[in-house]
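Subject: Handover of a protein model

Dear colleague,

Please find below the structure that I am passing on to you. I would ask you to keep it open while reading the notes that come after it.

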Amino acid sequence: MPAAIPVTLSSAAQGEDDGLMDLSLRPGVIRCGFTELRPFVPALSATLWELRNHPEIRQGMRDTTPIDWAAHQRFVAGNLGDPPTQYLFLVHHRYQPLGLTLLRPDGATDVEIGVMVRGSGERHLLAYRASHMIGWFAFEKLGLPRLISKVPVANTDALRFNLHCGFRPIREPDSVSHY
């Protein structure tokens, strides 16, 4: 049986509980070996835009069309500004930005997890590690009772990956997503 992968969190200050997901927590870098989840800051906007538009990441998204800079800036201002509406981390491996993870409220009772890694077909361990790390943050630091994942119906690789990570279907898929 393999040894557990240690996950560490650098400095973070706990905020007041204000409902479904406490967005006042300002997390530090989450590290596991050579993999880091770095919290999004506005100075990383161009890097985030490049990752969101990378063909290997776009192909797994619900909407596969490229994101223009103006739309990206609206996304950043509306979701990651002050106050943010979600948590977003850039996934770095050996100091290279290779993906992103996020936690965002989905309705009144659920929080959606998102993990997008460039070359996830060849980087299963990196994608798994990023999922584990954002899950650890959600459960251990935010105290969330569960996470949901919406997988585009055409993305069978992501569905298989989620099932291997322990996700279970909570309802029948619709025309857009598996749940």
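The notes below describe what was found, beginning with the whole chain and ending with single residues.

This is a predicted model, in which local features need pLDDT of at least 70 and side-chain atom pairs count only at pLDDT 80 or more, while totals for chains, interfaces and linings use all residues. Residues are numbered from 1 along each chain as its sequence is written, and side-chain values use heavy atoms, with hydrogens and water left out.

Overall composition

The protein has 5 helices and 8 strands; helices (H or I, at least four residues) and strands (E, at least two) are DSSP runs, numbered from the N terminus. Read from the N terminus, their order is β-β-β-α-α-α-β-β-β-α-β-α-β. The chain comprises 179 residues, of which 41% are buried. Here, buried means under 20% relative accessible area, exposed means over 50%, and partly exposed lies in between (1.4 Å probe, protein chains only). Among contacts (heavy atoms within 4.5 Å) with a separation of 6 or more, 56% are between residues 24 or more positions apart.

Two helices that meet

Two packed helices are described by the angle between their axes and the distance between the axes. For helix α1 (residues 45–53) and helix α3 (residues 69–79), the axes come within 11 Å and cross at roughly 115 degrees. Axes are lines fitted to C-alpha atoms, for helices over the stretch in contact, and angles run from 0 to 180 degrees between N-to-C directions. On the α1 side, the contact involves Ser-45, Ala-46, Leu-48, Trp-49 and Arg-52; on the α3 side, it involves Trp-69, His-72, Gln-73, Phe-75 and Val-76. These residues divide into 6 nonpolar, 3 polar and 1 charged, where Ala, Val, Leu, Ile, Met, Phe, Trp, Tyr, Cys and Pro count as nonpolar, Asp, Glu, Lys and Arg as charged, and the others, Gly among them, as polar.

Salt bridges

How many salt bridges does the structure hold? There are 7, a salt bridge being a side-chain nitrogen of Lys or Arg within 4 Å of a carboxyl oxygen of Asp or Glu.

One of them joins Arg-146 to Asp-110, with the closest N and O atoms 2.6 Å apart. This pair links distant parts of the chain: Arg-146 lies in the loop between α4 (124–141) and β7 (151–152), whereas Asp-110 lies in strand β6 (residues 110–117), 36 residues apart. Arg-146 is partly exposed at 39% relative accessible area, while Asp-110 is buried at 13%. Shared partners also join Arg-31, Glu-36 and Arg-38 into one network of salt bridges. Within it, Glu-36 and Arg-38 meet at 2.7 Å, N to O; Glu-36 is buried at 12%, and Arg-38 is partly exposed at 23%.

A further bridge connects Glu-112 and Arg-104, whose closest N and O atoms are 3.1 Å apart. Is Glu-112 buried or exposed? Glu-112 is buried, with a relative accessible area of 5%, and Arg-104 is partly exposed at 24%.

A residue in a loop

Leu-23 sits in the loop between β1 (8–9) and β2 (30–32) and is buried at 15%. Its C-alpha atom is 8.9 Å from that of Leu-142, although the two residues are 119 apart along the chain.

With kind regards
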